[in-house]
Each structure stands twice: as C-alpha cells, then as structure tokens.
Amino acid sequence: MNPTMAPETPPEKKPKALRRFRRNLAETPRLFRDSLVRHGRPTSDRSASQAIFTNFFLHIIPTRIDRYSLRIRATLGLGVITTVLFLLLTGTGIALMIYYKPSTAEAYNSMKDIHYVVPTGRFMRNIHRWAAHGMVACVFLHMARAFYTGAYKAPREFNWVIGMGLFVLTLFLSFTGYLLPWDQLAFWAVTIGSEIAQSPRELTDALGITQWFDPGGAQKHILLGANHVGEEALIRFYVLHVIVLPLATTVLLGVHFWRIRKDGGLTRPARPVVHDRIVAQQAPAKTYGLMAVVRGRTPAVDREMATTVPAWPNAIFAIAALSMLTMAVMLALGLVLDAPLKEEANPAVPENPAKAPWYFLGLQELVSYSAFMGGIGIPALVVLGLMLVPYLDRERENIGVWFGGRQGKYVCLLSAVFTAAVVVGILAFTVTQGWLRNWYPDIPQVVITFVNPGTVMLVIFALWSFAIMSVSNSTRMGALAVFTCFLIAFIILTYFAIVHRGPNWDFYWSQSQWPRH
Amino acid sequence: MSTEPGGDLQSSQRFAPPQERRDFLGLAAIWSAVGACAFALIGALRLPMPSVFPESNPKVKLGPPSRFLDAEVTALPEQRLWVYSTSEGMYAISAVCTHLGCIVAKEEDGYFCPCHGSRFDAMGNVVAGPAPRGLVYLELSISPDGQLVVDRQKEVAAAVRLKA
C-alpha cells in the first residue's frame, strides 16, 4: 500500500473460507446460468435485442426484423427449411460414418449392416436419404422464390451468385453421396456421370485434338482416379461427400447468411414511410458504429421502427417452429419409408433403364441427345446465365413483389404455356420422328452436338425472352420469361424421364407397358 | 466534406492520394503473391491426377487363337468384348458404349445400348442414338507363348485384322 494514502478503514471481518465455499456452491447454478446467457427473460425491446446480439448462435439474425419478412408469403420459409435439412443431413451423415466402410469389398455389406443390424441405423439412413431429396427440392424452390420476388437485385446481386454456388454444391453433394451404397443404381449412375465428365472429348475428338488437349479425360481421371468406377473412385467420392463439399457448403452458407444482413435484410416491397409516428429508438444500441463502414442499409436505418418488430420472440419462434415442423416431417418419412438399396454393383450388367435420381433426370433426357451438350454445355450455360441475371436486369421497380406485379404474372403464365408447348412438341417430335442421325446416318457428330433437341430448346427460350424483353420494354420481364422457361422445361423433362422413359430409354406411356424380362 | 462525427469513412479523403511508384510496388507485391498461390494450387491439383492407374494389366491373354477359330464370334463378357474370326483374320470389338460407358448388347445385325438407345451396325458404326462414334476396335496380338492377347486400352482402326 502507498503510505501517502489515507489510513484504511479496518476491513470487514471476512467469513471463514469454508463457509464462503458452501455459499458459493449453493449459488453456483444461478451464477453459471448468468455467465451463460448474461440476461434474464427479455421483458423489453432492449432486453429482447440483447437476447439476440449477445448470443453467438442468434447473432446472425438482426435484433429487429421487418414485419413483412416474417410473413409466409415473403419467403415461404424455404431458406430456413433448407438450412435445417442441411443440419439434419450433417447429423445423420456423421452417425452413418461410424459404420460405413468406403471400400468396394465392404461398402455394400456395411449398408446392409446399417439397414438390418445397427440400432437406429435404418432410421438414420432413411432420414439422410429423404432429407437429401428434400434439400435439393427446397434449394430449387428457394431459388425460384428469390428469383420471382426480385431478391437477386442490387444490393443482393452477389448473394444470388453465392446462392447459385450453393445450388451447384448441393447437387454435387447428392451426386457424390449416390455412389456410396455401391449398389447397381449407384454404380451405373456414377459410371454415366463420370462419362459425362469425359464428354468434352465429343468436341475434341471432332476437332482431332484429343491426343494433345484432353480436358474430358483429365476430368474423368481426377474424379475416378482410374479408367473405371472402382476402389479409387469410391474413396474420392467419399472424401468429397463427407469433407470437401460439406465444408465448402458451410463456408458459403455462412457468407450467404451474413450477406442477408449486410444487404439490408430480406427483400421486401418498398412501403411509404410513415412520418407521423413517434419512433422510439430503443434498440439496437450497438450497431450504429458500423453504419458508415457497411454499404447498404440495415432494417434499423431505412425503416421507421413502426414497420419492424423485435426478432425475439417473433423471428426466433417462427424459425424454431419451422425447424420443428421440418424435423417432424423428416422423422415421419424416416419411420414410414425405407431408402432404396438395390443388389450389389455388377460392372458387367448395366441397369436397364439406368435412371439417375429425379433431379438429374431432366439432364439425363438431354444427355440422350448429346452427352457433352446435355451433361456439361447446357447446364453450364444455364447456371452461368442465371448468375449474370442480376447484372443484366437492374430495374428498380417492384422489388420484393412476387413476379413484379400484374404484368410479370402475365408474362410468367404466358412463358409457362409457351414452354410447355415447345417442350412437349419437341419431345413428341423426337420420339416419333427421331433426330438428324435417323435421317442422315453419315452426319458428323459435331453437327449433332450443336443441333439437338436440347440446344434447339435453349435457343428458342433465349429468343422468346429477348422477344418478351423487347415487347414489354423491360429487362425484368425478359428475366422472368427466361427463368420460367428453364423452370417449366426442367419440370416437364424430369416428369417425362421419370414416367415415359423405360428400358433402352424407349418411350412408354406408362410403366405397366414395360416389357417383361 | 461530410460533417458526420468521424467524417465520411468511405471518402477517399481519409487516405493520402496514391503515389504512383509506391502503387506499382504494392501491385507488384500483390500480384506476385497471387501468382505464387496460383502456381501452388496448380501443383496441388496434380496430386489427384493419377500418374499410374490402378487397373490390372490392360493386356489380357485369351488363350490359344484356335479357341476362337471355330465360331465366327466369341463373347467374352468378363473382358467386355467380342472376338471375331473371319477369313481375313481376327479382330476384337469392345462392348463399352462410346456414349456413356454402358455395356451394349449384341443383336442379330448389330449392337444396342440399353442406357440411352444407341444402335450400331454389325461393324460397330453408329446407326442411331446419341453415341458420338462407333464401337472401339481393340488391338489383338499373339504372345510369345502362342496365346491371343487383347490390349483393352489400345484402340486400332476398324480395318485392322490379325492373321492367326
């Protein structure tokens, strides 16, 4: 102690250490809880905000959220459902990893073990399979929602690009998971998939440069580690499926969420600002420092408080309820429906018909015209085109409004009817009349690569959306037209390949007409 | 100038105007770092590119050639090929479809792929369907111990015949 300071008051008599220890022990539950959550049950807007931003897991949500964003029609809850399915897939996937053995000799037997012997194994695998299908479906729907409400427009352009990345990752996750059971379905679907990776040879062969420049062969060899689907391919797909792709998806998901906040919350229609309300600026107390650094707006600055509500409990409870609902549906599916497992992979006998999972069947129909265009060319053009949409359509009207209003609804309806007519017409023509090679047997392959039913559809859709853009004098209408074309074509092609393609990829009106072996 | 407390953080006024020489050195540093990372990535990508394939020897002994002389065509499903023996000599056609790797079935007057409906004539040329080219002819040879050998990785022209 410094001697110049005033003499200390005599210290209070300290309780005995043992007594203090007993008291501390009694208070430990309360102190532990306080150190864990730092605040009690929220009783005011301010403490509700604190409940969000002092919690690591909740802080991805803003403390206040626009009323509109909580409506079902704003988002249909698809992003939340997709995220819950991804978490569910991670959990069940880790459980399955405990018993699954990634080797050609053991993989199929370990699947049988998981199905028949491992406690809850069948249940876990069922949930994993149905949640995977559900996630792909929800990603499609979520993309359609974001597109039709104009959520891709500035300042959210880049988040749309990230979303496209997540879409591709989801499909790759499904594709790599497909091989792991090592049954007939898996083996032949992946054989076809790896040959699609090799299909740039269709072009390089036509140009006669394959021996010097062979990107197709390189892709296949990197994917399979061999010339055929075998041990090396199984290990590679396993590594991609359990580590590489989930990790990439997690990182992109984090950025996706973060950008929702930095881009000013979920997209919503512009509303006239109500000036006669007294605005109580109670919260958030801690975010103002960022305003000058972060571009875009947060819900707190561009809206009157009257249009926002505290995220606790409104958004949190909505998210929790949606998560519970999603999990309940998946649990019910897992109890009722068993995931399919065919006979063990046999490299000598292909499945007939060898059908990919439903979300790739539209592509498989295109692949049956040209391997390169159907499997690589057209999908790459569609994904690239959709990525560029926010940079090509920058109209600011009716952002956050479904289909951008009445004109947009009309354009979408018209495009849907037009697309249905075009796709059904081309499919009917191809099934009954054949294509170029049936008429000119000696036609060079490169002509078929560029002129086949798939590319013809793509060109018609592009011309249609340019026509719509020109007639309506609006880039948004053009974007709505082209997206609707892709969506409807995807649905019809998928339906056609599921129902009307049978053995030998021949046309059948229904499965009951398939020949018996 | 903004009068906000703390100033306009996004304005260039916060920083001294760039000096060209320093700018150049800074850019050179950044781009050499980017270049180094790119080359490291290319190097790392070489790892999954197999330099030795795990397959067993692509050359397989099929037994004495006399075994194939009796019939015009002999199917070898394990090797995924057919061996033909004609008066001009012997040749082998691979059963792997050139479209997407399914196994074609032999019909009376040609071949047929069950996966996407490609059809080939008796000589393996594409007749219909999505296959980009005809079926592959594989190299046949006679080993020193007198057996017929097929190289499953080596393609030969359709006209090549092995005199037995």
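Modeller: Let's start with the term itself: a salt bridge here is a side-chain nitrogen of Lys or Arg within 4 Å of a carboxyl oxygen of Asp or Glu. The general idea is that side chains of opposite charge can pair when their charged atoms come close. Keep in mind that this is a predicted model, where local features need pLDDT of at least 70, side-chain atom pairs count only at pLDDT 80 or more, and totals for chains, interfaces and linings use all residues. Residues are numbered from 1 along each chain as its sequence is written, chains are lettered from A and ligands numbered from 1 in the order in which they are written, and side-chain values use heavy atoms, with hydrogens and water left out.

By that rule, there are 14 salt bridges over all chains. One of them joins D214(A) to R201(A), with 2.8 Å between the closest N and O atoms. R201(A) is in helix α9 of chain A, while D214(A) is in the loop between α9 (201–207) and α10 (215–224), 13 residues apart. (Helices are DSSP runs of H or I, at least four residues; strands are runs of E, at least two; both are numbered from the N terminus.) D214(A) is partly exposed at 22% relative accessibility, and R201(A) is partly exposed too, at 26%. For those words, buried means under 20% relative accessible area, exposed over 50%, and partly exposed in between, using a 1.4 Å probe and protein chains only.

Next, look at R259(A) and D263(A), whose side chains meet at 3.9 Å, N to O. Here R259(A) is partly exposed at 22%, whereas D263(A) is buried, with a relative accessible area of 9%. Chain A also holds a network of salt bridges that links R30(A), R33(A) and D34(A).

Over in chain B, K61(B) pairs with D145(B), the closest N and O atoms being 3.0 Å apart. K61(B) sits in strand β1 (residues 59–61) and D145(B) in the loop between β9 (137–142) and β10 (148–156), so this pair ties together parts of chain B that are 84 residues apart in sequence. K61(B) is partly exposed at 48%, and so is D145(B) at 46%.

What about between the chains? The count between chain B and chain A is 0 salt bridges. The two chains do touch, though: 28 residues from chain B and 37 residues from chain A take part in the contact, where contact means heavy atoms within 4.5 Å.
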